[in-house]
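Open the model in your viewer and keep the selection panel at hand. Each stop below says what to select and what to look for.

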Amino acid sequence: MNKILIAVGLLLALGLLGGCAKEAPVEAVDPVEQAWQAMNETYNDLETAQEKTELFESFMREFPNTAYAGRLASAVAYYRGEELDDPAGAYAILAETLAQNTDPEARYDIGTSMFPLAMELGETMDLGAVAEELAATRALNFSEMIDVADLALAHDQWELGVSYSEAALERATPEAFLADYPDDDYTAEEAAAKADRRKVMALANLGWAQWNLDLAEEAMAAFAQAAPLKTVNYLGAADTPVDLYHGKVMLAGGEAGMAMDLLAPGAIMGSDDEAMAALREAYIAEKGSETGFDEWIWTQRKGLAKEVDTFTLADYEGNPQDFAALTDGKVTLLAFWFPT
Amino acid sequence: MELPRLQTLYDTYKDQGFNVVVVDGKRMTDLATKFIEKNGLTYTALENGEDEAEVVKNIFMVQSFPTSFLIDREGRVMYSHVGFEPGDEEHLAEEIESLL
């Protein structure tokens, strides 16, 4: 990108130096930039997933070997792959773009978006190779490492999961956190808390991957190291997969009761489908059958439920609104969002 | 968050005592008001506060958007969701019905 800017700058400078005083120099317009801007303007008027993904795909087909093609990959995987339920179509356009793209940053973006589709369709794809290509040009940040580990774990690629979890664990320090966010102001205390959260995420993934490679002792050590650093969400469920993976390991190891304790908060109050499936299995292992499971969940839910905090915020006319008054005696959905 | 899908739920259940309250966690006021107007959303939309008045992270510890909580008539949080995928509104409708 810098090279292009320098080249454009040089052309402009040459034009001016060339004494074209009588005629205004023709502005150099990068066709990729122009198409990208036009696409963004068109996008705002589109309503359906079909229209959106077709717009992105036409850009990718026209400019497959650009950084922008990489930035569109996850949107195509989402809109075509998920919303339109056409994983084969999404895979095809991403694979075609990847084959023509030579930028390691874009290849990483395309590759990580394409990998779940490839696995779903039974295609072979080397996720580690795409990540290594990028790592050869610059150090991966923590999010990238944990993303690769998560993708690997979701598709039973345990060795890849171990190596990227270990790499992520090395970046679970306050110094590495601050280095990943050089433009933000974090206090030492905030950085330390973020580093601990990173540690829990990396150790949870590491433990699960190790367990699946029959490294049971190492796995238990990873969970034991993560447990005291664990943080929970508003409803008391772990905000990392540590209890999910620890619970699944307990279940597999025949400790169904302990598995239920670990899995219940995330399954019931974290809307974690994977935890719920494991919890159901643990319940059956503990009680001998699925009978009474739904009633048991309902009782647990009532036990875990907490009284909602109230607050006052302004509406868009500037009027303060008291949440307690809005919810009084009603069933309320409170949703946190931001416009995109 | 697919806010227009919540409008459908709101229209279906509001007469039975169901309310929807959405909070823009990033204070993107211009975009938010345009979006609300364009999509004809009629439930309560609030703007997050700043500093001490910030509620999304300080009180509700929200790590990612969209996050939502379903609260029963007694004010207890009975369900929570992170993310909103196509089809999730059917699941949400069942949960709302379980509390109405």
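Axes here are lines fitted to C-alpha atoms, for helices over the stretch in contact, and angles run from 0 to 180 degrees between N-to-C directions. Helices (H or I, at least four residues) and strands (E, at least two) are DSSP runs, numbered from the N terminus. This is a predicted model: local features need pLDDT of at least 70, side-chain atom pairs count only at pLDDT 80 or more, and totals for chains, interfaces and linings use all residues. Residues are numbered from 1 along each chain as its sequence is written, while chains are lettered from A and ligands numbered from 1 in the order in which they are written.

**Stop 1: α8 and α11 of chain A**

Select residues 142–154 of chain A, helix α8, and residues 188–212, helix α11. Their axes come within 11 Å and cross at roughly 25°. α8(A) and α11(A) are therefore roughly parallel (angles under 35 degrees; over 145 is roughly antiparallel, 65 to 115 roughly perpendicular, the rest oblique). The crossing is left-handed, a term for a near helix turned anticlockwise from the far one by less than a right angle; clockwise is right-handed.

Now show side chains. α8(A) brings A:F142, A:I146, A:A149, A:D150 and A:L153 to the contact, and α11(A) brings A:R198, A:M201, A:A202, A:N205, A:W208 and A:A209. Contact means that C-beta atoms, placed from the backbone, lie within 7 Å. By class, the residues of this contact are eight nonpolar, one polar and two charged. Ala, Val, Leu, Ile, Met, Phe, Trp, Tyr, Cys and Pro count as nonpolar, Asp, Glu, Lys and Arg as charged, and the others, Gly among them, as polar.

**Stop 2: α11 and α13 of chain A**

Look for A:V200, A:A204, A:G207, A:W208 and A:W211 on α11(A), facing A:V242, A:Y245, A:H246 and A:V249 on α13(A). The contact holds seven nonpolar, two polar and no charged residues.

**Stop 3: α4 and α5 of chain A**

Select residues 67–83 of chain A, helix α4, and residues 87–100, helix α5. They pack at an angle of about 165°, with axes 8 Å apart. α4(A) and α5(A) are therefore roughly antiparallel to each other. Their crossing is right-handed. On α4(A), the contact residues are A:A69, A:A73, A:V76, A:A77, A:R80 and A:G81; on α5(A), they are A:P87, A:G89, A:A90, A:I93, A:L94 and A:T97. They divide into eight nonpolar, three polar and one charged.

Move to the loop between these two helices and pick A:D85. Phi of A:D85 is near 50°, a positive value in a residue other than glycine.

**Stop 4: chain B**

Chain B has three helices and four strands, in the pattern α-β-α-β-β-β-α along the sequence. Its C-alpha atoms fill a box of roughly 35 × 30 × 25 Å, taken along the principal axes.

Select B:P66, in the loop between β2 and β3 of chain B. The peptide bond from B:F65 to B:P66 is cis, with omega near -10°.

**Stop 5: the sheet across both chains**

Bring chain A back. Which strands make up the open sheet? Six strands form it, in the order β1(A)-β4(B)-β3(B)-β4(A)-β1(B)-β2(B), with mixed pairing. Two strands pair if DSSP finds at least two bridges between them. β1 (306–307) of chain A and β2 of chain B stand at the edges, each with a single partner strand, so one side of each has no neighbour in the sheet.

Select β3(B). Five bridges join β3(B) to β4(B), running antiparallel. Five bridges also join β3(B) to β4 of chain A (residues 331–337), again antiparallel. Centre on B:T67: B:T67 stands opposite B:V82 in β4(B), and B:T67 is the bridge partner of A:F336.

Next, select α1(B). This helix lies across β4 of chain A together with β1 of chain B, at about 160° to β1(B).

**Stop 6: the chain contact**

Colour the contact by chain: 51 residues come from chain B and 35 from chain A. On the side of chain B, β1(B) gives the most, with seven residues. That side has 32 nonpolar, 13 polar and six charged residues.

Note on methods
Two residues are in contact if their C-beta atoms, placed from the backbone, lie within 7 Å.
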